[in-house]
There are 2 protein chains.
Amino acid sequence: MSTMRTNYCGLVTEELLGQTVNLCGWVHRRRDHGGVIFIDLRDREGLVQVVCHPDNAAVFKAAEHVRNEYCLRIVGTVTNRLAGTVNANLASGKIEVTATEVEVLNASVPVPFQLDDDNLSETTRLTHRVLDLRRGQMQHNLKLRYKVSMEVRKYLDNLGFIDIETPMLTKSTPEGARDYLVPSRVNAGNFFALPQSPQLFKQLLMVANFDRYYQITKCFRDEDLRADRQPEFTQIDCETSFLTEQEIRDMFEEMMRVVFKNTTGIELPNPFPVMDFATAMAMYGSDKPDMRVKLEFTELTELMKTVEFKVFNSAANLPNGRVVGMRVPQGGSMPRSEIDAYTQFVAIYGARGLAYIKVNEKAKGRDGLQSPIVKNLSDEVLAQILELTGAQDGDLIFFGADKAKVVNDALGALRVKIGHSEFGKKAGLFDDVWSPLWVIDFPMFEHDEDGDRWTATHHPFTAPKDGHEDMLETNPGACIAKAYDMVLNGWELGGGSIRIHREEVQSKVFRALKIDAEEAQLKFGFLLDALQYGAPPHGGLAFGLDRLITLMTGSESIRDVIAFPKTQRAQCLLTNAPSEVDEKQLKELHIRLRNEPKVA
Amino acid sequence: MSTMRTNYCGLVTEELLGQTVNLCGWVHRRRDHGGVIFIDLRDREGLVQVVCHPDNAAVFKAAEHVRNEYCLRIVGTVTNRLAGTVNANLASGKIEVTATEVEVLNASVPVPFQLDDDNLSETTRLTHRVLDLRRGQMQHNLKLRYKVSMEVRKYLDNLGFIDIETPMLTKSTPEGARDYLVPSRVNAGNFFALPQSPQLFKQLLMVANFDRYYQITKCFRDEDLRADRQPEFTQIDCETSFLTEQEIRDMFEEMMRVVFKNTTGIELPNPFPVMDFATAMAMYGSDKPDMRVKLEFTELTELMKTVEFKVFNSAANLPNGRVVGMRVPQGGSMPRSEIDAYTQFVAIYGARGLAYIKVNEKAKGRDGLQSPIVKNLSDEVLAQILELTGAQDGDLIFFGADKAKVVNDALGALRVKIGHSEFGKKAGLFDDVWSPLWVIDFPMFEHDEDGDRWTATHHPFTAPKDGHEDMLETNPGACIAKAYDMVLNGWELGGGSIRIHREEVQSKVFRALKIDAEEAQLKFGFLLDALQYGAPPHGGLAFGLDRLITLMTGSESIRDVIAFPKTQRAQCLLTNAPSEVDEKQLKELHIRLRNEPKVA
């Protein structure tokens with residue numbers, strides 16, 4: 001490979017027996033055993049055992065002084081390990097390298113933690129990120145991340161997609177999430193924004209005749225961070241002209257199958273199931289249902305509209321009210337403590353309680369049921385509940401009754417929680433498979449409860465279903481969008497839509513969103529302009545790369561698949577960014593700090 | 001390909017004769033000829049001629065209404081063109097498509113310019129960038145850009161390089177160029193900086209055991225813009241461990257050969273010539289000499305130290321003075337007007353004049369020379385000049401005499417100017433080839449004339465030559481760096497170095513640069529820290545992708561190889577970025593505008 005090195009440590013196998021190898025790597029462990037020094041030498045491909053015999057004085061002396069994480073160059077001969085000392089966990093486990101030269105390329109001060117310590121705090125790991133990145137799991141995660149992005153590139157390249165870079169310094173359009181701003185020095189008082197996505201630029205590229213575009217690129221959102229959010233994140237961003245929604249979905253579903261297969265060996269189903277938004281919300285209370293969980297909602301809203309039981313009745317009669325049951329097979333054995341814990345859990349989502357019925361013996365009617373709420377419901381209603389949910393002896397039924405949003409959020413989360421619980425797994429309510437799903441036919445608009453206005457469910461450039469154009473202004477709530485999300489194991493992997501390619505439809509959508517002509521021109525004039533010059537039918541989608549790799553590696557946090565991530569306070573503990581800057585810099589940018597007390 | 005389209009327009013050839021094709025594209029030109037309508041339909045792969053006959057009434061009627069840049073879907077039959085109407089310039093030039101259906105996918109308002117107009121102002125092109133991008137040259141440039149980056153990825157992938165993303169929101173280190181700053185909302189009064197390069201992060205990745213890293217990524221510099229600069233630019237950034245300078249240069253020289261060959265068919269020389277910095281400055285006055293130009297400097301400083309002629313004598317005796325001659329073969333025929341123009345040209349670089357001697361007839365001595373300065377020089381000195389420059393009858397010698405920097409800049413630029421002139425080409429002073437060059441052995445430090453201190457020639461993380469470590473503090477001016485630049489046709493394509501991997505050497509360099517321990521810790525503590533944990537020997541380089549593609553496509557401006565560039569006033573004419581933002585946004589970021597008059 002080079003003058004310093006002939007082989008990677010982790011790839012020295014018995015095929016090289018008897019040969020001389022030059023290795024470069026780090027001391028993973030050093031032990032003195034029967035007067036011989038053994039060094040586990042590590043590089044990015046793995047470990048190899050290096051043996052330093054006392055009969056080679058120079059080698060032995062050098063080896064005596066090395067410590068963990070010293071960077072060494074070793075020359076040695078590949079020899080068989082003694083019988084009984086073979087390590088089946090290593091590719092190099094059958095051999096060892098008998099050192100004839102040991103050169104210290106660089107010493108190391110004692111490391112603050114052992115690299116194979118799995119119980120490090122995240123603060124320790126992020127502060128010493130460089131050492132943390134030497135750990136096997138992080139090496140694996142970032143290598144897999146690379147493999148995935150390269151497989152994506154190959155797949156798209158074969159289909160004629162072209163990677164075109166879009167600007168990082170762009171225009172602030174304060175819709176959706178908060179922008180990161182960049183003050184301009186040359187244009188005093190003006191600001192660039194970092195892109196939340198290349199959405200409009202990729203549409204312009206379609207108008208500009210590029211036909212098929214992709215980019216694996218950074219996007220930015222200045223939002224309060226959750227476990228799976230970062231200020232900067234990476235998107236696999238794609239757009240094509242002249243394809244139908246179905247063709248786009250097929251193309252990217254196949255991409256995901258190929259990428260999974262070629263990087264992890266996992267075979268995703270073919271085809272992916274498809275579910276419309278309305279069904280997903282009705283059955284699972286979520287637009288990204290985890291299909292591995294074998295639990296479903298039963299709609300009880302109509303039934304409860306006329307019952308006397310206030311909790312159910314008043315919820316069912318709310319303008320946006322909903323009452324559902326969720327049958328949990330074999331849930332009758334669930335102890336009271338577990339039900340109490342679930343009651344607390346759904347409270348996080350705003351549910352003010354968690355009604356349930358245990359079905360002990362259906363045949364006995366009311367007497368066969370065990371529940372605090374049975375007394376409030378008539379025999380007829382109880383019979384209907386059992387009938388509709390299909391509950392059997394030994395089952396349990398949970399109920400949600402509130403505004404639809406609360407019911408969906410609370411019971412939707414409970415559904416996943418139970419599915420993933422010990423109980424759920426034992427009761428066969430969880431299939432441990434890779435379970436993708438397309439969710440389609442999203443509504444164009446959602447009603448903003450605060451402002452009494454409509455907001456775009458996806459974004460304002462999403463096309464309505466054919467024939468729904470006329471309803472954009474007359475009945476926005478009924479408009480369905482040509483939008484689609486790809487869901488995997490309950491995570492939204494990506495989403496997209498067919499875009500509006502006609503200027504008059506785009507203007508209608510802006511009007512439905514109460515963006516008047518002047519504002520539309522100011523913010524999106526360049527798009528409206530472009531649409532007038534024979535814009536082609538086009539659409540696309542974007543995948544979150546960080547999230548995809550988090551899922552593929554089974555990582556607990558998105559931060560485990562990013563080399564240098566920010567904390568949940570949006571800080572880099574390694575470099576101490578963000579930091580104070582010189583007054584001179586601020587002056588050049590025509591800004592000053594507000595005299596507010598620091599909220600550091 | 002899809003339900004809408006079976007073939008790309010530009011790829012319909014005689015192999016498809018008799019078949020029905022579905023095409024989608026734009027009306028490039030429409031003409032009525034003998035009662036038949038011909039449409040040149042364009043997509044990203046090229047043009048095809050569509051024929052609409054009047055005997056198909058629906059087709060003819062639709063075709064009558066279409067105008068330039070309408071987006072159409074055409075169904076038709078591939079037929080032979082009539083003899084004599086074959087167009088050899090098109091892949092589809094032997095056939096035409098007889099339309100059986102014409103569908104207008106989207107109309108277009110009249111375009112503000114013809115797409116094949118080559119005399120558009122840049123303002124027009126950038127304002128209507130979407131239409132500008134439909135032009136053949138821009139389509140070609142961005143496709144080539146993609147091909148190049150994909151070839152780079154393939155080459156590096158084969159060598160085990162891994163693409164690892166480094167942060168865009170990082171720490172401001174106000175050295176070198178000016179940072180773009182991003183105010184932090186969560187950490188009041190603090191700022192991120194956009195990266196000027198991933199330099200330190202890639203070094204950290206080497207310390208973290210990744211062995212071979214690359215990234216094709218955006219970098220940012222808030223500098224006053226020249227023709228070949230953009231606020232954001234794209235770097236092919238690479239770093240490896242355990243390779244020597246020579247091995248790194250070989251690896252990336254081969255990359256450039258492979259990329260040129262596979263994308264343009266151009267075969268670059270093997271190997272590239274190598275020249276040290278001192279020689280390049282001595283012979284060409286430039287560290288990125290255009291080797292296609294067959295002109296060289298002759299050093300005359302020593303000779304001129306003792307002459308009486310003040311102009312030469314005083315320059316030669318300056319502490320940083322230099323006197324050179326540049327022989328221009330056959331330059332004797334150059335008219336006075338051309339010499340005057342060159343005199344004005346070198347003034348741009350600070351030269352206060354441009355002395356010359358025309359060599360009419362050497363054998364006649366002083367009388368055979370024609371020059372305003374001959375009278376100031378002795379016979380002996382004149383003879384030496386002729387001897388040293390090797391001038392022959394019919395040649396001309398230009399002189400530079402000033403501070404070395406002025407001489408190098410002025411005569412270096414003049415050298416290129418003459419080489420590229422009509423005269424230079426006729427006189428055989430210009431080889432029209434691809435001429436790469438490695439320039440190596442740069443000095444570690446340059447003397448900052450204003451501040452009386454040393455600055456890093458490359459950057460402060462560059463390693464000194466072996467054995468030069470001790471001179472870092474005792475004789476910084478004599479230290480040579482393990483730094484290398486790749487030059488092509490006089491453009492710096494990229495550069496890099498072996499980095500410092502020992503903490504004590506890095507600290508010495510900081511001290512030589514008058515960065516004290518406290519400041520070093522504050523700004524680069526994370527690097528010094530990392531170097532202590534067995535940092536491996538490592539090095540790398542970075543190429544400017546924009547510049548490479550500009551060179552490959554022969555574009556006049558870097559803006560012709562970027563989809564959505566900024567102007568020289570750092571503005572995007574398409575989206576009007578940067579722009580004003582809401583007071584609310586500024587408040588959230590804890591900043592306010594200074595009350596200065598706008599310099600818009």
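How do the residues of the lining of the second largest cavity divide into nonpolar, polar and charged? They split into 10 nonpolar, three polar and seven charged, where Ala, Val, Leu, Ile, Met, Phe, Trp, Tyr, Cys and Pro count as nonpolar, Asp, Glu, Lys and Arg as charged, and the others, Gly among them, as polar.

A word on the model first. It is predicted, so local features need pLDDT of at least 70 and side-chain atom pairs count only at pLDDT 80 or more, while totals for chains, interfaces and linings use all residues. Residues are numbered from 1 along each chain as its sequence is written, chains are lettered from A and ligands numbered from 1 in the order in which they are written, and side-chain values use heavy atoms, with hydrogens and water left out.

A cavity here is a set of points, on a 1 Å grid over the protein atoms alone, where a 1.4 Å probe fits but cannot get out; lining residues have an atom within 4 Å of a point. Points are joined across faces, edges and corners, and volume is the space filled by probe spheres set on them. Eight cavities of 30 Å³ or more turn up. The largest comes in at about 540 Å³, and of its 38 lining residues, Glu165(A), Gln215(A), Ile216(A), Ile216(B) and Thr217(B) are the closest to the centre. At least two lining residues each come from helix 4 (136-158) and strand 9 (212-220) of chain A, and from helix 4 (136-158), strand 9 (212-220) and strand 10 (232-241) of chain B; helices (H or I, at least four residues) and strands (E, at least two) are DSSP runs numbered from the N terminus. By class, this lining has 15 nonpolar, 11 polar and 12 charged residues.

The second largest cavity has a volume of about 170 Å³. Its lining takes in 20 residues, with Arg145(A), Lys218(A), Ile562(A), Ala563(A) and Glu165(B) the closest to the centre.

Methods
On a 1 Å grid over the protein atoms alone, a cavity is a set of points where a 1.4 Å probe fits but cannot get out, and a pocket is an open set with protein on both sides within 12 Å along at least five of seven lines; lining residues have an atom within 4 Å of a point.
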